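Please go through the model below chain by chain, with attention to how the copies meet. The text after it is meant to be read alongside the coordinates.

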Protein chains: 4
Amino acid sequence: MRQEYVDIKAKMSRLKVGALQPKTVVRVGNHRIGGDTFTLIAGPCAVENLDQMHVITQAVKASGAHILRGGAYKPRTSPYNFQGLGEEGLELLKEMSLQYDIPVITELVDIQHLEKLALSADIIQIGSRNMQNYALLQALGQVERPIMLKRGIAATIEEFLLAAEYIINAGNPNVILCERGIRTYETVTRNTLDLNAVAILKQLTHLPIIVDPSHGTGVKEIMGPMAKAALACGADGIMLEVHHQPEKALSDGAQALIPTEFATIVKELSPLAHALQRKIHHV
Amino acid sequence: MRQEYVDIKAKMSRLKVGALQPKTVVRVGNHRIGGDTFTLIAGPCAVENLDQMHVITQAVKASGAHILRGGAYKPRTSPYNFQGLGEEGLELLKEMSLQYDIPVITELVDIQHLEKLALSADIIQIGSRNMQNYALLQALGQVERPIMLKRGIAATIEEFLLAAEYIINAGNPNVILCERGIRTYETVTRNTLDLNAVAILKQLTHLPIIVDPSHGTGVKEIMGPMAKAALACGADGIMLEVHHQPEKALSDGAQALIPTEFATIVKELSPLAHALQRKIHHV
Amino acid sequence: MRQEYVDIKAKMSRLKVGALQPKTVVRVGNHRIGGDTFTLIAGPCAVENLDQMHVITQAVKASGAHILRGGAYKPRTSPYNFQGLGEEGLELLKEMSLQYDIPVITELVDIQHLEKLALSADIIQIGSRNMQNYALLQALGQVERPIMLKRGIAATIEEFLLAAEYIINAGNPNVILCERGIRTYETVTRNTLDLNAVAILKQLTHLPIIVDPSHGTGVKEIMGPMAKAALACGADGIMLEVHHQPEKALSDGAQALIPTEFATIVKELSPLAHALQRKIHHV
Amino acid sequence: MRQEYVDIKAKMSRLKVGALQPKTVVRVGNHRIGGDTFTLIAGPCAVENLDQMHVITQAVKASGAHILRGGAYKPRTSPYNFQGLGEEGLELLKEMSLQYDIPVITELVDIQHLEKLALSADIIQIGSRNMQNYALLQALGQVERPIMLKRGIAATIEEFLLAAEYIINAGNPNVILCERGIRTYETVTRNTLDLNAVAILKQLTHLPIIVDPSHGTGVKEIMGPMAKAALACGADGIMLEVHHQPEKALSDGAQALIPTEFATIVKELSPLAHALQRKIHHV
């Protein structure tokens, strides 16, 4: 056995995130993330306006998405890029959630937004850039919402789990991990989706793990294959960016699927999920 | 669409490796690599002795392996490590091949070994360290054996395809690509198996692609999940290191599966292959 | 000329961080960071107690340090590691500053600590983990203290400059950049100190740049050579961790210099600074 | 002390490359590489024609270069790029060497070229792509020429030293190491020049170390600062690409200095070398 694996296995087993604890299944409305379910999260990168949200939400829900994603606060590399609609975005998400009966996930970038964000969001996403923002992680310990923690762009597996430990240790056990690609030298893809890490994490922790092929690849043409690979290696779900007009999207249009592409991917995942004894459709 | 992907797609389409050419299916005895077949290559890292080879070859053949692997010449980081049995190793491979009716793949490290190696090997493997040894690649153009070219440890997708182009352009069209993990900052795994690259390569080239989870992860506990992920993302086969006594292996014992573990992985791949309409068993 | 360099040069020249602006020289008490001065920042990783601070402050001041460093709030990978003395640490820093007449730099990890921290700190450090904590960066725009922004562990040069742009655009022009090593595959050193980036940044921005060989190497034996290299490639100063009892240090002891080692490095920098026409000593 | 450093220090000290051996100084004609000399190697990426070689050789010699570089056999990523003039290139190098009384270094890519190449070359360069071509390294053990071994693009410090060990162990003690940048995620520069590695290597081995800022940065604008940094951190010399018409160069024109730029860099290195007690000029 590889010594580095043996060592981290032993180390993590002594922590609250460790695999010796019972498997965590996170309830979100009637949906459960983890266990034998393979969760589908879909929606636009950013909430842009009411029409956009109706078209996309209706479409992804019809294709089988369990949870709607959409950014109201967008952490952008440049201060001059579109930073999200803010509270207006939160309200649009709430409206979609109620009208289409679908839970919502959105990103928190500032603890001061928490109170309002928690009124709209069923799951709070912490982005890669904040994975080691420990002040934020500790504040999330007191929040009564599940947290989806995205892996930092060059975070080791150990750092990722210890960031989750911060949240759990501060009082919130409902943490979902999200692998979203790491930074390597390759430029054809946006990042390198690290499925090794997903398979290792399934050994080291009881927390559910979602894979984000949109950020992990940045290339529409391989979303389908990588979604299947995520399912095959043991992930508990995927998160995909879907936009009805990618060429007009205010952020990340290049990697957004159109609704029919998303529908095709879900259809192709079905026989695979069946072969792997994972549930992908609502009963 | 991601511009970097569009650019490389256009560039590769003008080359002999490019996806506009008909899909390459490589015949090895009665077996075909590529097409609807999912190929299983298994065997020890290094050929060590006759007993070892009998035990392992019999076992992997019984579990469904199509091709036997085994190193006679081992490129080792230190000059003081076991460098392989050389010609004696080639003879043992030949003996196994005949007795168990299974094709053999082994690594070529020096063009001067070619003549003898070609008597034993059905497929010639070029290792990561030699992926850009252009003198060797060009010499392989004149060889009447298929070549399995492993990706360099930090090779870009473009460099990998251009290395294959060297071989094809020199006259040998039977090239099989092998993704075996890239070097990143993560130390829990030996390398980071790059399935993004596999999915991208399926878009860019007509060549078959084998995935090597043994070197790509170095961790036995995730060989099964990563073998499944390789199948799911479109790879044409996997190569796995199998040893009946990993703790006594002369190289890479820490990542070798024992024969029953290999058998289990093959069994678990079957329903997945069926769901994906890939053939994994001999008819 | 390399196209990627030409492109970023043009892009950055349109920003507030861009090299077309006059060179920024940051005043801290009587000291100036930037211009022809080569700044020496030294002190312990973490503030631990009064005795420790007296011994170290006295020593580094005597050797020529212009600024004292010391962490009161420590962002630690594990929630179970020493997290710093907090407000008590800030008070100890203030006491040192007054008694030894030396400005102080310390890290801010939570905007809620700002008011108290600003009473002790002459410069506010933002650590690597928070380089893209945009909520924090924007809040710093309103602060009347210079900010030293450390590069994220896998931040590109562009992302680093755009993070600085967030602070300047929010109203605070006194930003100092700090290169502290990037994450690569090499494990002998803690990180890979990226002096390429320092030389490029000197071309792209008017902001002063400090180099941190302590985190950038993690190896005491090469602190001296890398401090010299930082000076030679155009950096505006270095920051070094110094502890009188590294083996008892509560964090990062392995990379701390003892005071006599720090003194030796400063001595060896002098003729080099002279040859490069940089001022290293108080007049 | 950092454990990983302690471990490699102990491991390397048991090898022929280890620091316990006396410092190696390589004689090339009247010049010595290593010791208190700082060696300047300069010339074009590729030998193109007689005129080019006259102009460049005359210029770099006049500016103080000790050794002329120039590729006759070029290992190129694409088989369709200019591969060098081959034997004609070797003859041009020989002619320059005789006419301008300057030793020559050129790359060997195929052991079959050795006999002819050794007639022209005073030093044989092994490129990054062949750093782990062990068949080649072992053949070099029998060669009566010094070898300059370039670091592989993602080679660890340990792998680099063990590659040198292959050559020395095979019988050739005259090995010069060359740091030429490693592959990281940064795209502004061609590679990331790793001066950490240079400083570490000076601790671990008795072999001289040359730094190649041309490949290590790919950006002309920072050649000067990085050459100075190489000198300051303890390197034994630098190798720079110089071309009189970079825009017409058959390879790597974007990173080539024109002769006056090279002359300026040499001038700026002089006071630095003096301050560091390194000799840079012929006596």
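This is a predicted model: local features need pLDDT of at least 70, side-chain atom pairs count only at pLDDT 80 or more; totals for chains, interfaces and linings use all residues.

Residues are numbered from 1 along each chain as its sequence is written, chains are lettered from A and ligands numbered from 1 in the order in which they are written, and side-chain values use heavy atoms, with hydrogens and water left out.

Begin with chain C and chain D. Contact, defined as heavy atoms within 4.5 Å, joins 45 residues of chain C to 45 residues of chain D. Buried area is the accessible area (1.4 Å probe) that two parts lose on being put together, summed over both. For chain C and chain D this area is about 3,800 Å², and carbon and sulfur atoms account for 67% of it. On the side of chain C, the three residues that contribute more than any other three are C:Arg2, C:Tyr185 and C:Asn196, with 19% of the area that chain C buries against chain D.

A salt bridge requires a side-chain nitrogen of Lys or Arg within 4 Å of a carboxyl oxygen of Asp or Glu, and two of them are found across the interface of chain C and chain D. C:Arg151 makes a salt bridge with D:Glu186, where the closest N and O atoms are 3.7 Å apart. Polar contacts are pairs of N or O atoms within 3.5 Å; within protein, one must be able to donate a hydrogen and the other to accept it, and residues adjacent in sequence count only if both atoms are side-chain atoms. Between chain C and chain D there are 14 residue pairs in polar contact, both residues being at pLDDT 80 or more.

Which elements of chain C give two or more residues to the side that touches chain D? They are α1 (3-13), α7 (195-204), α8 (213-217), α9 (223-232) and α10 (259-275). Such elements are DSSP runs numbered from the N terminus, helices being H or I with at least four residues and strands E with at least two. By class, this side of chain C holds 26 nonpolar, 11 polar and eight charged residues. Here Ala, Val, Leu, Ile, Met, Phe, Trp, Tyr, Cys and Pro count as nonpolar, Asp, Glu, Lys and Arg as charged, and the others, Gly among them, as polar.

Next comes the geometry of this pair. Two copies of a chain are related by a rotation about an axis and a shift along it. Superposition is by least squares on the C-alpha atoms of residues with pLDDT of at least 70 in both copies. Chain C is superposed on chain D by a rotation of 180° with 0.0 Å of shift along the axis, at an RMSD of 0.0 Å. The C-alpha of chain C nearest this axis belongs to C:Ala229, at 2.1 Å. Both copies use the same surface, as 100% of the contact residues of chain C recur in chain D.

Now turn to chain C and chain B. Four residues from chain C and four residues from chain B take part in the contact. They bury about 290 Å² between them, with 83% of it from carbon and sulfur atoms. C:Arg183, C:Tyr185 and C:Thr187 supply 90% of what chain C buries against chain B, more than any other three residues. This interface has zero salt bridges and zero residue pairs in polar contact, with both residues at pLDDT 80 or more. The side of chain C that touches chain B comprises one nonpolar, two polar and one charged residues.

A rotation of 180° with 0.0 Å of shift along its axis places chain C on chain B, with RMSD 0.0 Å. The two copies are therefore related as by a two-fold rotation axis. In chain C, the C-alpha of C:Tyr185 is the nearest to that axis, 2.1 Å from it. Of the interface residues of chain C, 100% are also interface residues in chain B, so the copies meet through the same surface.

B:Glu179 lies in strand β8 (residues 175-179) of chain B. Is B:Glu179 buried or exposed? B:Glu179 is buried, at 1% relative accessible area, where buried means under 20%, exposed over 50% and partly exposed in between (1.4 Å probe, protein chains only). Its side chain reaches the backbone nitrogen of B:Gly181 at 2.7 Å and that of B:Asp194 at 2.8 Å. Beyond its neighbours within four places in sequence, the contacts of B:Glu179 include B:Arg151, B:Thr192 and B:Ile210.

A:Gln277, in the segment after α10 (259-275) of chain A, has a positive phi of about 60° although it is not a glycine. A:Gln277 is exposed, with 69% relative accessibility. C:Asp252 also has a positive phi without being glycine, near 55°. C:Asp252 sits in the loop between β10 (237-241) and α10 of chain C and is partly exposed, at 23% relative accessible area.
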